[in-house]
Amino acid sequence: MDERWQDAYQRLRDFISVTPGIEVSKSFTVIPEKVRDEFYKLFEDVKIGLLKEKFPAEVTQAEALSENYIQAEQEVTELLKLESICTMVPLYRFLHDPKEALCRELTDPLFDLLTGKIDTESFEKHASGSIQRAFNDSFKLGYAKWVALSLVKDLQADKLFNVTPP
């Protein structure tokens, strides 16, 4: 069983308390360059831990969609000799790295928790709402995009047409 996100959070807080130069307060945050990588690694561990602990089914579904979407994207790109298939940046992130995309939703709430603006319960509530909304929106849009690409592939399209809207 994976560790609880609170364990990763405690390691982050311990790192902050023993590392000179790191200051985290309600009004500002200072992270010296020489410890920034370690700080953000621990910071990401907290976000990944929460995601895995609270949303394992969503992560599994998102990763399955991602895998299928990327395969369809590559096949359609080759089929129609395209340079790439464009989509909105948040959706692109979700379809190409769903964990990272969902973890982005946790950055501000986690800083709010670190600075004492919110407590652990509020963090979990806010984070869960943000993750669920982001997952629902991105999964629906991503699924529709995957279906569209799959249809193009399955119908063995040989031309691409563009209609300019009025």
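In this tour a helix axis is a line fitted to C-alpha atoms over the stretch in contact, and the angle between two such axes runs from 0 to 180 degrees between their N-to-C directions. Please keep in mind throughout that the model is predicted.

Begin with the whole chain in view. The protein has seven helices and two strands, and read along the sequence these elements follow the pattern α-β-β-α-α-α-α-α-α. Oriented along the principal axes, the C-alpha atoms fill a box of roughly 60 × 35 × 30 Å, and the radius of gyration is 20 Å, whereas a compact globule of 166 residues would have one near 15 Å. Among contacts between residues at least 6 apart in sequence, 75% join residues at least 24 apart.

Next, select residues 56-79, which form helix α3, together with residues 89-96, which form helix α4. Two packed helices are described by the angle between their axes and the distance between the axes. Here the axes come within 7 Å and cross at roughly 105°; angles of 65 to 115 degrees count as roughly perpendicular, and α3 and α4 are therefore roughly perpendicular to each other. To see what makes the contact, show the side chains of Ala62, Leu65, Ser66, Tyr69, Ile70 and Glu73 on α3, and those of Phe94, Leu95 and His96 on α4. Coloured by residue class, this set divides into six nonpolar, two polar and one charged.

Glu105 lies in the loop between α5 (98-104) and α6 (107-114). Is Glu105 buried, exposed or partly exposed? Its relative accessibility is 33%, so Glu105 counts as partly exposed. Leaving aside neighbours within four places in sequence, select Ser130, Ile131 and Ala134 to display the residues with which Glu105 is in contact.

For the last stop, move to Lys159, in the segment after α7 (120-154). Lys159 is exposed, with a relative accessible area of 57%. Finally, select Leu79 as well and draw a distance between the two C-alpha atoms: Lys159 and Leu79 are 80 residues apart along the chain, and their C-alpha atoms are separated by 9.3 Å.

Methods:
Residues numbered from 1 in each chain as written. Predicted model: local features only at pLDDT ≥ 70, side-chain atom pairs only at ≥ 80, totals over all residues. Heavy atoms only, no water. Helix = DSSP H or I, 4+ residues; strand = E, 2+ residues; numbered from the N terminus. Parallel < 35°, antiparallel > 145°, perpendicular 65-115°, else oblique. Contact = heavy atoms within 4.5 Å. Nonpolar A, V, L, I, M, F, W, Y, C, P; charged D, E, K, R; others polar. Rg over C-alpha atoms; globule rule 2.2 N^0.38 Å. Buried < 20%, exposed > 50% of the residue type's maximum accessible area, 1.4 Å probe, protein only.
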